[in-house]
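Visitor: I would like to learn how to read a fold from its model. Where do we begin?

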Amino acid sequence: MARVVLVGNRAQLTGGVAELELSATSVKQLFQQLAALHPGIERHLEEGVAVAIDGQIYQDALFEPIGPDSEVFLLPQIAGGAGPARRPHAGRVLRRRGTPGA
């Protein structure tokens, strides 16, 4: 069975359960099993979570496979930031004067 870990405040939606072992073979099936066990989490799963399966993070993961020995982490949804507009030097390599390429 896959080890499932709820990260952040998700355990509040499951009565304090932060780790489970489930037999799901896809993320969609995992969500269905979680919702059946803990109905309060269903809405949060539908609104979106990031899913890490064996160290790989997925944003839209419903059909990603889960192996019987996988570790699955349900994370708060990952959103993009404001980008370079707030950080004028983001994405550029800054060099000191006197160094090659400056």
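Guide: With a definition. Strands here are DSSP runs of at least two residues, numbered from the N terminus. By that rule, Tyr58 belongs to strand S4, residues 56-58. Keep in mind that this is a predicted model.

Visitor: How many helices and strands does the chain have, and in what order do they run?

Guide: The chain has 2 helices and 5 strands. Read from the N terminus, the order is β-β-α-α-β-β-β.

Visitor: How do the strands line up in the sheet?

Guide: Two strands pair if DSSP finds at least two bridges between them. Here 5 strands give an open sheet, ordered S2-S1-S5-S3-S4, with mixed pairing. Strand S2 (19-22) and S4 are the edges; each has a single partner strand, so one side of each lacks a neighbour in the sheet. On average, neighbouring strands are turned by 25° against each other, direction ignored.

Visitor: Mixed pairing, you say. Which pair is parallel, and which is antiparallel?

Guide: Take S5 (residues 71-76) as the reference. S1 pairs with S5 in the parallel sense, over 4 bridges. In that pairing, Val4 stands opposite Val72 of S5. S3 and S5 run antiparallel and are joined by 5 bridges. Val51 has Leu74 as its bridge partner in S5. Ala52 has Phe73 as its partner there.

Visitor: Which helix packs on this sheet?

Guide: Helix H1 does, touching strand S1 (2-6), S2, S3 and S5. The direction of H1 makes about 120° with that of S2.

Visitor: Back to Tyr58. Is it buried, exposed or partly exposed?

Guide: Buried means under 20% relative accessible area, and exposed means over 50%. Tyr58 has 23% relative accessibility, so Tyr58 counts as partly exposed.

Visitor: What does Tyr58 touch, beyond its neighbours within four places in sequence?

Guide: Tyr58 is in contact with Ala50, Val51, Ile53 and Glu64. For Leu74, we have a distance: Tyr58 and Leu74 are 16 residues apart in sequence and 10.0 Å apart in space, C-alpha to C-alpha.

Visitor: What should I look for in the loop between S3 and S4?

Guide: Check the backbone angles. Most residues other than glycine have a negative phi. Asp54, which lies in that loop, has a positive phi, near 50°. Asp54 has a relative accessible area of 51%, so Asp54 counts as exposed.

Visitor: Which elements supply the lining of the largest pocket?

Guide: Helix H1 (27-37), helix H2 (42-47) and strand S3 (49-53) each supply at least two residues. H1 gives the largest share, 5 residues.

Visitor: What do we read from the chain as a whole?

Guide: Two percentages. Of its 102 residues, 30% count as buried. Now take the contacts between residues at least 6 apart in sequence: 47% of them join residues at least 24 apart.

How values were computed:
Residues numbered from 1 in each chain as written. Predicted model: local features only at pLDDT ≥ 70, side-chain atom pairs only at ≥ 80, totals over all residues. Heavy atoms only, no water. Buried < 20%, exposed > 50% of the residue type's maximum accessible area, 1.4 Å probe, protein only. Contact = heavy atoms within 4.5 Å. Axes fitted to C-alpha atoms, helices over the stretch in contact; angles between N-to-C directions.
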